[in-house]
2 protein chains.
Amino acid sequence: MSNYIEPIEKLIRQFTKLPGVGSKTAQRYALTVLSMTEQEAKIFAEAIVEAKENVAVCSVCGNYTDSDPCHICQTRDNSVICVVQEAKDVIAIERLGEYRGVYHVLGGVLNPLKGVGRDDLRMAELFKRLTGDVKEVILATDTSTEGEATATYVARFVKQYGIKVTRLAQGISIGSELQYADEVTLSRAFSNRKEL
Amino acid sequence: MSNYIEPIEKLIRQFTKLPGVGSKTAQRYALTVLSMTEQEAKIFAEAIVEAKENVAVCSVCGNYTDSDPCHICQTRDNSVICVVQEAKDVIAIERLGEYRGVYHVLGGVLNPLKGVGRDDLRMAELFKRLTGDVKEVILATDTSTEGEATATYVARFVKQYGIKVTRLAQGISIGSELQYADEVTLSRAFSNRKEL
């Protein structure tokens, strides 16, 4: 496609592995790297290798960590477990600064069409955590069809232990106009309506 | 802003150095790197270091090269010099497969407001190349105000040597950057180039 010399082509190919990066964007990134000093480029490269080397997955919750168990599992209220799809969802919730419980990262959602079953997710690890201490499991998977199905599956299992299971409220997002809400959301908002 | 552990934060900061990458995109890139195998991440990191180490700037034309002078300077018609702003513009023209002459990469354009003068560009190197062999200088800087001004400046100088100076036809839409021109427009602009 392009006519760069081999080391530049190689770098462009690497950048296209990033999500949403096509060959034009990868070219821009590669040329930016070339305009860095050798020192800057080295620091960039080291950050990649070091992130892979120094970041582990917490054996309890599945979140990225540099200690095992992670500092959230070590220091927070273990009686409430919030189940999320991905590590980045943990960050989104942590940003609120409100939640004091621990997490469980599934690493995806059930998706039979793509061949993702319960053994491909960290389901067994979750069920192992359901000891007497756990009082509530909060399901915070996405509201996609797969996210919903996964939540339903986990809920059914957790309830067998007599543990309270909750799902994040679904409705019209704050600040948005009613007329632009999609039908499913509006319908859900109606059936979930709260007495004031 | 986010709550990742240090090695991930570090990687995110590195990715934000790429053009057009904000913290959200950098997060996605960093998490993609974490989901790579250690081997894949190493290859990525090496591509960055190797590109910096193995890519040099041609001492004649200023284009990126792995040999000096570059293969274009060594093998092509040295009597026609196409003057461009950046190395990526060379790629855009090379993609046409029509031009048989050599290039001269200025490394930017004259921009008094940003303090970019002729000594910050590879102007002297260009004028040094204007020996008896050179029959034509094609000005292919962007059609921005600065690109135009730079073309005018170079044209005035080159004409003193009695060398023919041409500018890419203004079929390229004014205000856009050369690298984004579609191939037909770029090709038309080449064949319609006007003597100044």
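**View 1. Helix H3(A) passes helix H1(B) in a left-handed crossing.** In this predicted model, local features need pLDDT of at least 70 and side-chain atom pairs count only at pLDDT 80 or more, whereas totals for chains, interfaces and linings use all residues. Residues are numbered from 1 along each chain as its sequence is written, and side-chain values use heavy atoms, with hydrogens and water left out. A crossing is called left-handed if the near helix is turned anticlockwise from the far one by less than a right angle. Helix H3 (residues 38-54) of chain A packs against helix H1 (residues 6-15) of chain B at an angle of about 145°, the axes being 9 Å apart; axes are lines fitted to C-alpha atoms over the stretch in contact, and angles run from 0 to 180 degrees between N-to-C directions. Helices are DSSP runs (H or I) of at least four residues, and strands (E) of at least two.

**View 2. Residues that meet where H3(A) packs on H1(B).** On the H3(A) side, Glu40(A), Ile43(A), Phe44(A), Ala47(A), Ile48(A), Glu50(A), Ala51(A) and Asn54(A) are in contact (heavy atoms within 4.5 Å) with Pro7(B), Lys10(B), Leu11(B), Gln14(B) and Phe15(B) of H1(B).

**View 3. His104(B) in strand E4 (residues 101-105) of chain B.** His104(B) is buried, with a relative accessible area of 0%, where buried means under 20% (1.4 Å probe, protein chains only). Its side chain is joined to that of Arg129(B) by a polar contact of 2.9 Å, that is, a pair of N or O atoms within 3.5 Å, of which one must be able to donate a hydrogen and the other to accept it. A polar atom of the His104(B) side chain also lies 3.4 Å from the backbone nitrogen of Leu126(B).

Definitions and conventions: Chains lettered and ligands numbered in written order. Buried < 20%, exposed > 50% of the residue type's maximum accessible area, 1.4 Å probe, protein only.
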